[in-house]
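Biologist: Before we discuss this chain, please show me the sequence and the coordinates together, and then let me ask on what grounds each label was given.

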Amino acid sequence: MSRAFLVVLDSAGIGGAPDAEAFGDAGADTLGHIAAACAAQRAEEGRSGPLELPNLARLGLARAMQLATGSDPAGTAHWPAPDRGAFWAAASERSRGKDTPSGHWELAGLPVPFDWTFYPDADPAFPPEDLALVREIAGVEGTLCNTHGSGTDVLARHGAAHMRSGWPICYTSADSVFQIAAHEDSFGLDRLLDLCERLAPHLHRKRVGRVIARPFLGSPETGFARTGNRRDYAVPPPEPTLCNRVQAAGREVRAIGKIRDIFAGSGITSVKKGADAELMEHLLDDLRDAPDGSLTFANFVEFDSLWGHRRDVAGYARALEWFDAQVPRLLAALRPGDLILFTADHGNDPTWPGTDHTRERVPVLGRGLVPGGKGHCAFVDVAATVACHLGLDDTGPGTPLT
């Protein structure tokens with residue numbers, strides 16, 4: 001019996017979504033625009049020259065990018081051709097969103113069967129009853145911010161006032177999220193997590209996808225920075241996903257990164273967290289010791305959280321080149337018969353206006369399937385492919401890419 005490894009490079013879209021215009025994202029292309037910027041020497045901070053992703057290219061990345069947009073991606077002509085064992089495709093999303101839960105649920109075989117609640121891009125953004133509940137749970141007289149915003153900007157604008165008043169910083173984005181930032185020392189990490197956990201059921205009933213605890217440290221004098229103790233309180237999937245089907249078959253589902261949070265723990269056997277460099281070592285550990293028949297589902301979030309939202313092209317390029325350098329280690333650790341797929345959940349084009357996700361197709365690259373390009377596919381086909389590989393009777397609504 002073989003194993004499956006599903007690896008999500010969070011936000012590494014490849015453009016070309018057929019409905020991108022409806023989301024205001026016609027022309028967005030995360031990897032394509034990064035490659036073009038690098039080739040034009042517009043991403044030189046901490047790196048230099050054309051984008052170098054030879055190992056992902058050998059799995060068919062440039063071919064997937066060409067499938068998505070219909071044109072040869074700029075800045076990739078020097079990449080090597082796919083090797084003989086490579087598999088590649090370009091996947092489109094059905095769910096009406098470009099957020100993390102929608103993308104991951106659909107990759108796990110569950111298109112979102114309802115519309116999320118989104119807060120307006122206005123000041124104020126939240127209805128009074130939501131903030132009243134925040135104040136009641138936290139035992140404070142007020143809140144700060146109450147608008148759309150990026151995390152780093154929000155801390156710069158409100159961090160000092162938060163430390164003086166003890167009031168939580170509440171903000172949102174184009175995703176279906178209610179985010180609360182608070183200082184780990186002056187407010188308390190446990191207090192922040194308790195606040196978010198108790199608030200979540202109220203907002204989930206309104207179909208707000210996630211309540212996110214955003215702890216930070218620092219001072220007005222030194223500046224503020226978010227810590228690694230983020231916690232997402234997500235709406236549980238309303239129907240079984242690939243994770244549930246694998247677990248129901250008596251197999252292990254190993255979650256790396258924020259996968260457990262995205263699925264609210266449903267169908268998850270074990271959890272490993274940390275920064276992306278730590279997560280890579282966890283993934284290598286699972287490649288060495290995960291049992292036959294298991295699924296390891298990993299999310300590498302820093303492409304999105306550190307570079308995409310901050311519109312940092314060079315930072316995103318550095319992260320991609322770091323990940324690419326790890327790919328040979330991952331492939332070398334595969335056992336005969338294993339399947340590994342590299343994909344993404346949405347885009348976050350760092351050259352695009354604003355700070356939000358972008359609606360894009362995503363690459364599906366890997367080893368362990370019949371080699372060659374499979375053209376266009378759906379997110380749900382990824383789940384069906386994994387389920388078929390693991391020999392499950394129920395492969396879900398997608399079509400296996402075999």
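What follows is a conversation about the terms applied to this chain and the values behind them.

Modeller: Please bear in mind that this is a predicted model, in which local features need pLDDT of at least 70 and side-chain atom pairs count only at pLDDT 80 or more, while totals for chains, interfaces and linings use all residues. Residues are numbered from 1 along each chain as its sequence is written, and side-chain values use heavy atoms, with hydrogens and water left out.

Biologist: How do you know that the radius of gyration of the protein chain agrees with that of a compact globule?

Modeller: The radius is taken over C-alpha atoms, and the globule rule is 2.2 Å times the number of residues to the power 0.38. For 402 residues a compact globule would have a radius near 21 Å, and the protein chain has 21 Å, so the two agree. Along its principal axes the C-alpha trace spans about 65 × 50 × 40 Å.

Biologist: What makes Ser 11 count as buried, and why is Gln 41 called exposed?

Modeller: Buried means under 20% relative accessible area and exposed means over 50%, with partly exposed in between (1.4 Å probe, protein chains only). Ser 11 has 0% relative accessibility and therefore counts as buried, whereas Gln 41 has a relative accessible area of 57% and is therefore exposed. Ser 11, in the loop between strand E1 (4-9) and H1, has a positive phi of about 85° although it is not a glycine. Gln 41, in the loop between H1 and H2, is likewise a residue other than glycine with a positive phi, near 60°. Helices (H or I, at least four residues) and strands (E, at least two) are DSSP runs, numbered from the N terminus.

Biologist: How do you know that the buried residues of H3 are on the same side of the helix?

Modeller: In helix H3 (residues 61-69), the buried residues are Leu 61, Ala 62, Ala 64, Met 65 and Ala 68. They cover an arc of only 160° around the axis, which puts them on the same side of H3; the arc is that of the directions from the helix axis to the C-beta atoms. An α-helix has 3.6 residues a turn, so residues three or four places apart point the same way.

Biologist: Which elements do the buried residues of H3 pack against?

Modeller: Their partners include helix H1 (30-39), helix H2 (54-58) and strand E2 (87-92), where contact means heavy atoms within 4.5 Å. Just after H3, Gly 70 takes a positive phi of about 80°.
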